[in-house]
Amino acid sequence: MNKIEELFNSKIEVLNVGLELFTQSFVDLEISCVQVEWKPEAGGNQKLLDALSLLEDM
Amino acid sequence: MLKNILRPNCYYDSVTLMVISSTLKNIKGVNNASVMMGTESNLGVLNNAGLLLPENNTPDPNLMLICIDSNVDISEEVVNVIDTKLNEKVVTNGVIRAKTINNAIERLDNPNFAVVSIPGVHAKKEVEKLLKNNIHVMLFSDNVTMDEELELKQIAVDKGLLMMGPDCGTSIINGVPMGFANMVNRGNIGLIAASGTGLQEVSATISNLGGGISQALGTGGRDLKDKIGGLMTFQALEALKNDPDTNIIVIISKPTSKVIYDHVINKLKETDKKSVVCILGAGETQVIDDKIHVVATLYEAGVEAAKLSGVDVETTSTVEEHQVETAIEKLKKNKSSNYVRALYSGGTLCYEAILNVDGVYSNIAVNKELALPNVEESIKDTFIDMGEDYFTSGKPHPMIDQSVRLERLEKEVKDPDVGIILFDVVLGYGSNYKTAEELKSKIIDLQNKYLIDNRYVLFVATVCGTELDPQVKSKQIKILQEAEVLVYDSNIKAVETINRVLKSL
């Protein structure tokens with residue numbers, strides 16, 4: 001079974017990354033959900049982000 | 001006096017802050033106030049509003065700025081209001097929280113889907129993490145470059161995953177509404193759309209007629225551009241072709257290139273499943289190979305799909321003939337031009353309306369000659385997409401908070417040359433639950449204020465939603481009818497009435 005077929009035949013378990021208003025449907029329908037309280041890495045500092053990317057690529 | 005309070009390393013998402021900002025002007029003594037993150041574009045918004053002190057004009061996306069313009073120093077009160085609202089969780093029960101995606105993945109047994117709505121400049125990196133972990137993605141974020149979109153979709157296609165977006169706000173997976181989506185019947189009709197109110201209108205229409213949705217997949221507004229080549233459209237199409245629970249496939253799109261259109265039709269010819277292709281504004285309806293039904297409106301797409309799925313479609317009207325005739329007679333007595341002004345929250349619904357009423361000006365005009373030179377000023381018959389970037393820069397989308405739309409509504413009704421107002425109310429998850437109530441109050445207020453001395457304005461609305469939605473469609477229709485609004489449950493039916501009224505005047 002490919003991954004999309006698998007999704008269509010599975011229980012949805014969802015990550016909500018960002019706006020919390022999107023979790024209401026998951027709560028109402030008792031869908032397993034994790035709210036990711038996302039914040040920019042490195043305080044959003046682009047130079048630090050670029051440096052982090054370089055480190056991750058190593 | 002102008003005061004700025006800075007909170008470093010205090011990130012909150014833009015929608016939360018915009019909704020809070022829109023309430024700050026109600027605090028007694030506040031002339032203007034805003035709370036925003038210190039991104040470059042937000043600093044521009046604050047500068048334009050005269051709220052930013054010169055020494056704070058350095059971008060820092062992790063810095064929260066509270067900016068207050070007041071006659072006396074009431075910053076403590078404003079900050080208390082902001083902190084109270086920030087501490088109110090939008091959804092408190094039934095949700096586990098995590099600080100990072102990797103953290104979140106560990107908290108679920110088999111994470112298989114993610115909705116991503118973070119600033120676009122950070123989206124690619126986070127979506128890559130999700131795809132790497134074999135998690136399908138719906139990417140609501142905009143301001144993602146086309147190069148980034150292409151890269152993400154190529155990863156998704158290689159791995160056999162869905163990467164729906166960017167700017168994809170709607171999908172329904174296994175009956176679960178994702179983003180701005182309606183609660184609909186489950187059934188055997190699969191939908192593919194750029195996503196947004198087009199997908200909402202068709203899925204709601206099908207459900208309202210007695211049909212049901214197997215899956216509703218969004219692709220993002222640029223997927224059918226040549227550079228992206230329809231990567232997600234064709235990924236989704238293959239999935240629905242192979243899905244045993246999908247018998248009818250519906251594709252909804254704005255006009256696209258002939259190459260892409262022909263490719264879509266050829267793919268549909270390969271399957272025995274019947275299909276409906278809605279190309280907005282294409283004009284003609286036709287049937288290809290006895291199984292591909294090409295239609296030109298969202299409502300027709302819903303009706304055709306429901307019929308093909310075996311539903312005995314009965315169409316009914318929420319408005320009686322005499323109501324329209326009475327409105328026409330009253331408008332004829334106005335000593336004015338009786339222009340129509342439409343204020344839409346749904347971009348695709350506005351687009352469909354523009355295609356079906358001749359000569360309207362718009363901020364999303366297809367014909368450049370009808371583009372509004374200044375979107376703040378309507379000209380003659382004008383239809384506005386209030387969800388367009390101009391209106392949502394620094395402000396929440398009207399489906400979440402319609403303060404800007406209500407202000408524009410007053411401006412239009414105040415104009416003595418206006419005779420007809422048209423608007424949409426989009427129900428479902430993600431949307432404001434009080435849209436109809438707020439509009440009813442505002443309309444009654446405007447009727448008392450401006451519609452005196454026998455001046456009449458006809459209010460027409462389209463409600464996009466179902467009885468299963470948290471707002472309940474029939475309840476919202478009733479609320480609007482209490483303000484004497486003629487309420488339809490499909491956009492094209494509302495637009496047809498507008499045409500009929502205009503021709504009668």
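Which residue lies over the face of Tyr12(B), and at what distance from the ring centre?

Analyst: That's Lys39(A), which lies over the face of Tyr12(B) at 5.5 Å from the ring centre. A charge sits over a ring if NZ of Lys or CZ of Arg is within 6 Å of the ring centre and within 35 degrees of the ring normal. Before we go on, this is a predicted model: local features need pLDDT of at least 70 and side-chain atom pairs count only at pLDDT 80 or more, while totals for chains, interfaces and linings use all residues. Residues are numbered from 1 along each chain as its sequence is written, chains are lettered from A and ligands numbered from 1 in the order in which they are written, and side-chain values use heavy atoms, with hydrogens and water left out.

Chain B has such a charge of its own: the charged end of Lys254(B) sits 4.4 Å from the centre of the Tyr351(B) ring.

Now for ring on ring. Trp38(A) and Tyr11(B) make an edge-to-face pair, 5.4 Å centre to centre with 85° between the planes. Rings of Phe, Tyr and Trp (its six-membered ring) pair if their centres lie within 6.5 Å; planes under 30 degrees apart are stacked, over 60 edge-to-face and the rest tilted. Trp38(A) is in the loop between β2 (32–36) and α3 (46–57) of chain A, and Tyr11(B) is in the loop between β1 (2–7) and α1 (14–24) of chain B, so this pair joins two chains. (Helices, H or I of at least four residues, and strands, E of at least two, are DSSP runs numbered from the N terminus.) Both Trp38(A) and Tyr11(B) are buried, where buried means under 20% relative accessible area, exposed over 50% and partly exposed in between (1.4 Å probe, protein chains only).

Over all chains there are five aromatic pairs. In one of them, Tyr390(B) and Phe391(B), the centres are 5.0 Å apart and the planes at 85°, so that pair is edge-to-face. Tyr390(B) is partly exposed at 46%, while Phe391(B) is buried at 7%. Phe22(A), Phe140(B) and Phe180(B) form one aromatic cluster.

What about chain A itself? Its pattern along the sequence is α-β-α-β-α, and 45% of its 58 residues are buried. Leu15(A) is one of the residues with the most contacts inside the largest nonpolar core, which has 144 residues; Phe113(B) and Phe383(B) are the others named. Such a core is a set of buried Ala, Val, Leu, Ile, Met, Phe, Trp, Tyr and Cys residues joined through side-chain atoms within 4.5 Å. Leaving aside neighbours within four places in sequence, Leu15(A) is in contact (heavy atoms within 4.5 Å) with residues of both chains, including Val34(A), Val36(A), Phe113(B) and Leu130(B).

Apart from that core lies another, of 33 residues, with Val418(B) and Leu439(B) among them. Val418(B) is also the bridge partner of Tyr339(B) in β19(B). Nine of the nine residues of β19(B) are buried, so the rest of the structure largely encloses this strand. Strand β16 (residues 339–344) of chain B runs parallel to β19(B) and is joined to it by five bridges, and seven parallel bridges link β19(B) with β20(B); strands pair if DSSP finds at least two bridges between them.
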